[in-house]
Amino acid sequence: MKTSTSKKAMSFIFLCSGCFLMVAKLSAQLKKTFDIVSYVVPEGWKKQEQENIISYSISDKKNNSWCVISIVKSTISKGNIEADFESEWQELVAKPYRITELPEANEVQETDGRKLKAGGGKFVFNGADAIAMLTTFSEANRCVSIVTTTNVQDYLPAIEAMIGSVELKKTAGQVQPVTQSASQVATGFKYNTTNFTDGWTSVIQDDWIEVRKNNVKVLIHYPNKTADAYNSVLMDGLKNAWDILVAPRYSSARNFSFKPLQSWQSIEFAEADCTEKITGNTVHVVLFKKDFSNGSGKYLEFITPDKNTLEQEFGPYVSAALSKNWDKMAAMASYNKFAVDAGDLRGKWTTDFSGITQFVNAYTGANAGMSTHSSAQSYDFTGNTYKWQIAVASGFVGNIKFQNVSTTGKFSLPDMWHIYFSDKEGKPKTYNAFFSCIKAARVLWLDDTGYAKSE
């Protein structure tokens, strides 16, 4: 009998969570493994595997019933189980199944250093009611989720058995240098957290860098083509960015105020008192962006308990785009900064630049020629050796000169923020070094104070 939206089906969310606190006594040969998860698959279920997710499904045409259990590849934890569950719910359940209501969720449970939160909600599939359930585990610095969807409660025993069999591989422990808190995770990079000496802490997340100090949180949003798209009307561009980057994580907003300031260094500023979907808490949210003279600038989201807290930390809103009052907020973008380990450098890193200058006769307005400059630079790291190469083409069009320089040598890291090269153009050099992050990738910055910065 189909009972997709019954209270009994919803109560399974809470019943099922209890089984995670028990170790399943199942023979090792029955266990399957995906990413950091080992588990037992119910008999007769079909497997479908993709790069970041593995799913098991079953259906019965006689009563038109179906069920799908999907294990999603682990990600970097956001620091606590509540934040992990909220993020996973939005990305894995709410958005794909168009669930707008808050999930019915259980209390957080913990055993052997592993925390668990489970919840669920109703959605419509093919014109009929169905239920989606999310189970999120946080352990050490990793977060992993299991999404279950079904239109009947007949499969609940199988779901309970599979999720109850879950075991997580232990991830490596944490190390804490003097100026850097770091964790070894499965991203291929060593350092994913930075403790700055001024009290701010930065943590890499899937869609932003999260920077915290006391009760102030700042999200440095990664580049987003849709949100960052140029709009000749500054107000329209700001509202578009709010809808994409901010609105999906809040259930309601009041006291809205959009206050863009047009200038050669424009300011985008929007604020509202918002209700967080997952916690129900009311917070003050500001979306901010300062465009510098070269057109750069990143969207920053400031989240504080109230407006007064924001203004105590960053100062009140000012109506002049060039005011120095904006500098402290804009400076938060610089906290996208993470240390470098020798193992992070293996492989080839490249960058390139090109530009032109058009000359015009100041008296006649006639064309006086055009010069061009382009360069391509690469570092190839292997073990403790490197090969550096730069190729440059520059000069007036029709008389362009080409140069090519390359060097090989050994490198070392005096500390996690510097790289020493034994030979760069005939002499040893030490560069400041750090990573910044974009979605699913990192940018290596090398900065010799006597020369230009290299990206």
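Rings of Phe, Tyr and Trp (the six-membered ring of Trp) are taken to pair if their centres lie within 6.5 Å, with planes under 30 degrees apart counted as stacked, over 60 as edge-to-face and the rest as tilted. The model is a predicted one, in which local features need pLDDT of at least 70 and side-chain atom pairs count only at pLDDT 80 or more, while totals for chains, interfaces and linings use all residues. Residues are numbered from 1 along each chain as its sequence is written, and side-chain values use heavy atoms, with hydrogens and water left out.

By the ring rule, the count of aromatic pairs comes to 26. One of them joins Phe85 and Trp89, whose rings are stacked at 6.2 Å centre to centre with 25° between the planes. Both residues belong to helix H2 (residues 81–97), where they sit 4 residues apart, about one turn of the helix; helices (H or I, at least four residues) and strands (E, at least two) are DSSP runs, numbered from the N terminus. Phe85 and Trp89 are both buried, a class that covers residues under 20% relative accessible area, with exposed meaning over 50% and partly exposed in between (1.4 Å probe, protein chains only).

A second pair has another geometry: the ring centres of Trp242 and Phe256 are 5.3 Å apart and the planes stand at 70°, so this pair is edge-to-face. It links distant parts of the chain, with Trp242 in helix H5 (residues 234–246) and Phe256 in strand S18 (residues 250–258), 14 residues apart. Trp242 has a relative accessible area of 3% and is therefore buried, whereas Phe256 is partly exposed because its relative accessibility is 43%. Elsewhere, one aromatic cluster is formed by Phe196, Trp200, Phe269, Phe288, Phe302, Phe314, Tyr317, Trp326 and Tyr335.

Tyr317 of this cluster also takes part in a charge-over-ring arrangement, as the charged end of Lys259 sits over the Tyr317 ring, 4.2 Å from its centre. For this, NZ of Lys or CZ of Arg must be within 6 Å of the ring centre and within 35 degrees of the ring normal. Another such arrangement places Lys424 over the face of Phe421, at 5.2 Å from the ring centre.

Turning to the sheets, an open, antiparallel sheet of 8 strands runs in the order S14-S15-S16-S17-S21-S20-S19-S18, where two strands pair if DSSP finds at least two bridges between them. Its edges are strand S14 (193–195) and S18, each of which pairs on one side only. Neighbouring strands are turned by 20° against each other on average, direction ignored; here axes are lines fitted to C-alpha atoms, for helices over the stretch in contact, and angles run from 0 to 180 degrees between N-to-C directions. Within the sheet, strand S20 (residues 282–290) and strand S21 (residues 300–304) pair in the antiparallel sense over 5 bridges, and Val286 stands opposite Phe302 in S21. Phe302 is also a member of the aromatic cluster.

H5 touches S17, S18, strand S19 (267–276), S20 and S21, and its direction makes about 35° with that of S19. Helix H6 (residues 307–314) touches S16, S17, S19, S20 and S21, with a direction at about 120° to that of S21. Contact here means heavy atoms within 4.5 Å.

Asn214 has a positive phi of about 55° although it is not a glycine, and its place is in the loop between strand S16 (208–213) and strand S17 (216–221). At 73% relative accessibility, Asn214 counts as exposed. Asn255 likewise has a positive phi, near 60°, but lies in strand S18; its relative accessible area of 52% makes this residue exposed.

A further open sheet has 3 strands in the order S1-S2-S11, again with antiparallel pairing. Strand S1 (31–34) and strand S11 (167–168) are its edge strands, each pairing on one side only. Strand S2 (residues 37–40) pairs with S11 over 2 bridges, and Ser38 has Glu167 as its bridge partner in S11.

Over the whole chain there are 7 helices and 29 strands, and buried residues make up 46% of the 455 residues. Among contacts between residues at least 6 apart in sequence, 52% join residues at least 24 apart.
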